[in-house]
Amino acid sequence: MEEINREGAHPNTGGEQTSFGGQVNDSVKDRVKSAASSMKGKASAIPSMIADGLEAGAEALRQRKTSTSVATTGGSSVTVADDSSIAAVTDTLASGMQSSAEWLRDADIDKLKQGVEKQVKEHPARSLLVALGAGYLIGKALRR
């Protein structure tokens with residue numbers, strides 16, 4: 001069994017306090033704070049990265065020509081002529097992606113977090129069902 005002197009220090013630690021209550025060394029605290037700060041910085045950049053991706057996708061959809069496309073199935077090919085409904089869907093999708101990117105850039109993450117917390121506190125069952133549904137859909141999308 002290890003000896004501990006009257007001050008609560010282990011004889012081989014150079015006098016540092018090590019109590020059974022769990023005092024943590026200052027250097028460990030500093031490392032934890034540094035890691036937390038680093039993670040917070042990286043997490044704050046995620047909405048901007050997602051917004052950039054959405055804007056790039058919207059721009060790619062807008063620039064894509066829908067005049068003629070050829071799809072090959074098996075040994076035959078099918079030509080799809082310029083269809084206004086395809087162009088309308090593409091434009092709607094691009095507009096939605098652009099507005100989502102703008103919302104992500106303008107959104108205050110702290111207010112969003114508070115809103116989510118309020119909804120979960122007021123409607124826990126509904127929040128759980130929404131989370132389960134979203135998880136199911138994301139899982140299905142990632143499996144493909």
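**Contacts and overall layout**

I began with contacts (heavy atoms within 4.5 Å): of those in the chain with a separation of 6 or more, 42% are between residues 24 or more positions apart. I note that this is a predicted model, where local features need pLDDT of at least 70, side-chain atom pairs count only at pLDDT 80 or more, and totals for chains, interfaces and linings use all residues. Residues are numbered from 1 along each chain as its sequence is written, and side-chain values use heavy atoms, with hydrogens and water left out.

Next I listed the secondary structure, taken as DSSP runs numbered from the N terminus (helices are H or I, at least four residues; strands are E, at least two). I found four helices and two strands, in the order α-β-β-α-α-α from the N terminus.

I then looked at burial (buried is under 20% relative accessible area, exposed over 50%, partly exposed in between; 1.4 Å probe, protein chains only). Buried residues come to 8% of the 144 in the chain.

**Salt bridges**

I searched the whole structure for salt bridges (a side-chain nitrogen of Lys or Arg within 4 Å of a carboxyl oxygen of Asp or Glu) and got two. Arg 105 pairs with Asp 52 at 2.2 Å, N to O. Arg 105 is in helix H2 (residues 84–106) and Asp 52 in helix H1 (residues 26–63), so this pair ties together parts 53 residues apart in sequence. Glu 55 also meets Arg 105, at 3.0 Å, N to O. That pair links H1 to H2 as well, across 50 residues. Through shared partners, Asp 52, Glu 55 and Arg 105 form one network. I checked their accessibility too: Arg 105 is partly exposed at 38%, Asp 52 at 39% and Glu 55 at 25%.

Which helix gives the most to the nonpolar patch? I found that it is H3 (residues 109–122), with four residues. The patch covers about 450 Å² and is made by Trp 103, Ile 109, Leu 112, Val 116 and Val 120. Leu 112, in H3, is partly exposed at 37%.

My last stop was H4 (residues 124–143), which has 20 residues and reaches 28 Å from first C-alpha to last. Of those residues, the count of buried ones is one. I looked at Ser 127 in H4, and Ser 127 is buried at 18%. Leaving aside neighbours within four places in sequence, Ser 127 is in contact with Gln 119 and Val 120.

Terms used
Expected span 1.5 Å × (residues − 1). Patch = residues over 30% accessible without salt bridge, like charges linked within 9 Å, V, L, I, M, F, W, Y side chains within 5 Å. Areas by Shrake-Rupley, 256 points an atom, 1.4 Å probe, with all protein chains shown as cover.
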